[in-house]
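Me: I have a structure to go through and am new to it. Could we take it step by step?

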Amino acid sequence: MSHFKRPHLPLRRPFLLGLTGSIGMGKSTAAAMFQAEGVPVFDADAEVHRLQGPGGALVAAIEARFPGTTGPEGVDRQKLGALVLGNTHELTALEAIVHPAVFRAQKRFLARHRARDVVVLDIPLLFEKGGWRRVGAIAVVSAPAWMQRKRVMRRAGMTAAKLKAIRRLQVPDRVKRARADFIIETGRPKSATHRQIRFIASCFRAR
């Protein structure tokens, strides 16, 4: 476990635990384990999928800005990704549509769980977009580089070039680990990872 300095945040309920990690590190598995421990989890990626899925609230806005990237099933992530990945201007335009909607959903989540001791905010770009300033502690999900690559390359449509482009957008794993309050290792048996998460959850529950 390591620590770094952040602006002082007043003690409040619920305690906000930021969960993050680079692509292929096992963050979804870690989030599910927190939920199994009874900790509410706001999944930013899942919210983006909902907003961009069939009938999603952002489909029309994305189609207007990126014509031809949507259809009956909502946003075609492959087509949209081809337009924005590696293109800073286009990616910024997409983020201007998506991020405010996700933040509003996060606020609704926090309102629903305001009486809980701790909640997890599962945010892939927690460091990259400044979300670390709004949480009380950070848990970084990590695994060996070879395992990360193996996991990611199994994904449909993934290529070595695409993985390289994604990595360029993400803070390196070694930097995330150095800035973490908790490091969750997923390159080990799931039972060991779950024990780590059970310990982390216990740190923030009222005695």
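Me: Is arginine 65 buried, partly exposed or exposed?
Reply: Arginine 65 is partly exposed, at a relative accessible area of 32%. Buried means under 20% relative accessible area, exposed over 50%, and partly exposed in between, with a 1.4 Å probe and protein chains only. Please note that this is a predicted model, in which local features need pLDDT of at least 70 and side-chain atom pairs count only at pLDDT 80 or more, while totals for chains, interfaces and linings use all residues. Residues are numbered from 1 along each chain as its sequence is written, and side-chain values use heavy atoms, with hydrogens and water left out.

Me: Which residue forms a salt bridge with arginine 65?
Reply: The partner is glutamate 90, and the closest N and O atoms of the two are 2.6 Å apart. A salt bridge here is a side-chain nitrogen of Lys or Arg within 4 Å of a carboxyl oxygen of Asp or Glu. Glutamate 90 lies in helix H5 and arginine 65 in helix H3 (residues 59-65), so the pair ties together parts that are 25 residues apart in sequence. Helices (H or I, at least four residues) and strands (E, at least two) are DSSP runs, numbered from the N terminus.

Me: And glutamate 90, buried or exposed?
Reply: Glutamate 90 is buried, with a relative accessible area of 17%. Helix H5, where this residue sits, covers residues 88-112. Not counting residues up to four places away in sequence, glutamate 90 touches Arg65, Phe66, Leu83 and Val84; contact means heavy atoms within 4.5 Å.

Me: How many salt bridges are there in the structure?
Reply: The structure holds 7. One of them joins the side chains of glutamate 95 and lysine 129, at 3.1 Å from N to O. That pair links distant parts of the chain, 34 residues apart: glutamate 95 is in helix H5, and lysine 129 is in the loop between strand S5 (118-122) and strand S6 (137-142). Glutamate 95 counts as buried at 16% relative accessibility, whereas lysine 129 is partly exposed at 44%.

Me: What about arginine 50, which residue does its side chain meet in a salt bridge?
Reply: Its side chain meets that of glutamate 47, with 2.5 Å from N to O. Arginine 50 and glutamate 47 are 3 residues apart in helix H2 (residues 44-52), and are therefore separated by about one helical turn. Glutamate 47 is buried, at 11% relative accessibility.

Me: Why can such side chains pair at all?
Reply: Side chains of opposite charge can pair when their charged atoms come close.

Me: Changing topic: where is phenylalanine 15?
Reply: Phenylalanine 15 is in strand S1 (residues 15-20). Between phenylalanine 15 and valine 120 there are 8.4 Å in space, C-alpha to C-alpha, although the two are 105 residues apart in sequence. Leaving aside neighbours within four places in sequence, the contacts of phenylalanine 15 include Asp117, Val118, Gly136 and Phe204.

Me: Now the whole protein: how many helices and strands?
Reply: The protein has 9 helices and 7 strands. The C-alpha atoms fill a box of roughly 55 × 40 × 30 Å, taken along the principal axes. Of the 207 residues, 47% count as buried. Residues 24 or more positions apart account for 73% of the contacts with a separation of 6 or more.
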